[in-house]
Amino acid sequence: AGARSMSQKELAEFLGPVSPKKIEWTKTVGTDFDAYSGRALAPLSGTVNIHIGGWPHFKSNAASTAVTGRLGMFPVTWHKRVAPDGTISQEAALKLYDLWKVDIWLEAKRQSDIDGMIAIISRLPTFTQKPKPISSQ
C-alpha cells in the first residue's frame, strides 16, 4: 500500500482546527503504523513526515544538535542538523500515552519554515488531545 490522498473525513479528523491550506498531506497505512507525509504550502516551504505506530526507526545522528522544545502538549528533544547544501533537518521521537511511538522529521532550507511547520503540527489533535478509546463494536 503506497501513499494516498486522505478522504475529507479522514483529513478533517487528522487536522482538527488546522486549515488544509497550510500543509498538503498524504497517508500510508502499514501493518502496525500510519505514516503521514506533508508538503508545506506557500508562504512556508519544506516537508514533514510523521510516523505513528509500534516502533519508529528514529536514531539520533551523532552530528546532530539537541534542542529542547514542544510539539503540542508534549515536551520533545529535537535533533537538528544542516546538510552541506544548507538543508536543515529536524527530528524527534515521542510516546503518545504509552500506546504509540511517534517519529517526526522535517526538512527545509530555512529554520523559519521548520518553526512554522512545527507551529501548525502542534495544533493537530494528535498532539493536543488524548486519543479516543477504541470502540467495543
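**Contacts, core and rings**

Reply: Lys109 touches Asp85, Gly86, Thr87 and Ile88, leaving out residues up to four places away in sequence. The model is a predicted one.

Me: Is Lys109 buried or exposed?

Reply: Lys109 sits in the loop between strand 8 and helix 2. Its relative accessible area is 52%. The cut-off for exposed is over 50%, so Lys109 is exposed.

Me: How far apart in space are Lys109 and Asp85, C-alpha to C-alpha?

Reply: Along the sequence, Lys109 and Asp85 are 24 residues apart. A polar atom of the Lys109 side chain lies 3.3 Å from the backbone oxygen of Asp85. From C-alpha to C-alpha, the two residues are separated by 8.8 Å.

Me: Which residue has a side chain joined to that of Lys109 by a polar contact of 3.2 Å?

Reply: Lys109 touches Asp85, Gly86, Thr87 and Ile88, not counting residues up to four places away in sequence. The side-chain to side-chain polar contact of 3.2 Å is with Thr87.

Me: How many helices and strands does the protein chain have?

Reply: Read from the N terminus, the elements run β-α-β-β-β-β-β-β-β-α-α. The totals are three helices and eight strands.

Me: Which element supplies the largest share of the largest nonpolar core?

Reply: The largest nonpolar core has 32 residues, and Trp25, Ile50 and Ile121 touch the most other members. Elements that each supply at least two residues include helix 1 (8-15), strand 2 (23-29) and strand 3 (33-40). The largest share is five residues, and it comes from helix 2.

Me: Which residues does Ile121 touch, not counting residues up to four places away in sequence?

Reply: Ile121 is one of the residues that touch the most other members of the largest nonpolar core. With residues up to four places away left out, its contacts are Ile23, Trp25, Val48, Ile50, Leu71, Ile104, Leu106 and Phe127.

Me: What is the angle between the planes of Phe14 and Trp25?

Reply: By the ring-pair rule there are two aromatic pairs. Phe14 and Trp25 form an edge-to-face pair, with 5.0 Å from centre to centre. Edge-to-face requires planes over 60 degrees apart, and for Phe14 and Trp25 the angle is 80 degrees.

Me: What kind of aromatic pair do Phe14 and Tyr36 form?

Reply: Phe14 and Tyr36 have a centre-to-centre distance of 4.1 Å and 10 degrees between their planes. Planes under 30 degrees apart count as stacked. The pair of Phe14 and Tyr36 is therefore stacked.

Me: Is Ser64 buried or exposed?

Reply: Ser64 lies in the loop between strand 4 and strand 5. Its contacts, apart from residues up to four places away in sequence, are His79, Lys80 and Arg81. The cut-off for buried is under 20%, and Ser64 has 17% relative accessibility, so Ser64 counts as buried.

Me: In which element is confidence highest?

Reply: The mean pLDDT of the protein chain is 89. Confidence is lowest in strand 1, at a mean of 88. It is highest, at 97, in helix 2.

Key: Residues numbered from 1 in each chain as written. Predicted model: local features only at pLDDT ≥ 70, side-chain atom pairs only at ≥ 80, totals over all residues. Heavy atoms only, no water. Core = buried A, V, L, I, M, F, W, Y, C linked by side-chain atoms within 4.5 Å. Buried < 20%, exposed > 50% of the residue type's maximum accessible area, 1.4 Å probe, protein only. Helix = DSSP H or I, 4+ residues; strand = E, 2+ residues; numbered from the N terminus. Contact = heavy atoms within 4.5 Å. Polar contact = N/O pair within 3.5 Å; in protein donor to acceptor, adjacent residues only side chain to side chain. pLDDT = per-residue confidence, 0-100. Phe/Tyr/Trp six-rings, centres within 6.5 Å; stacked < 30°, edge-to-face > 60°.
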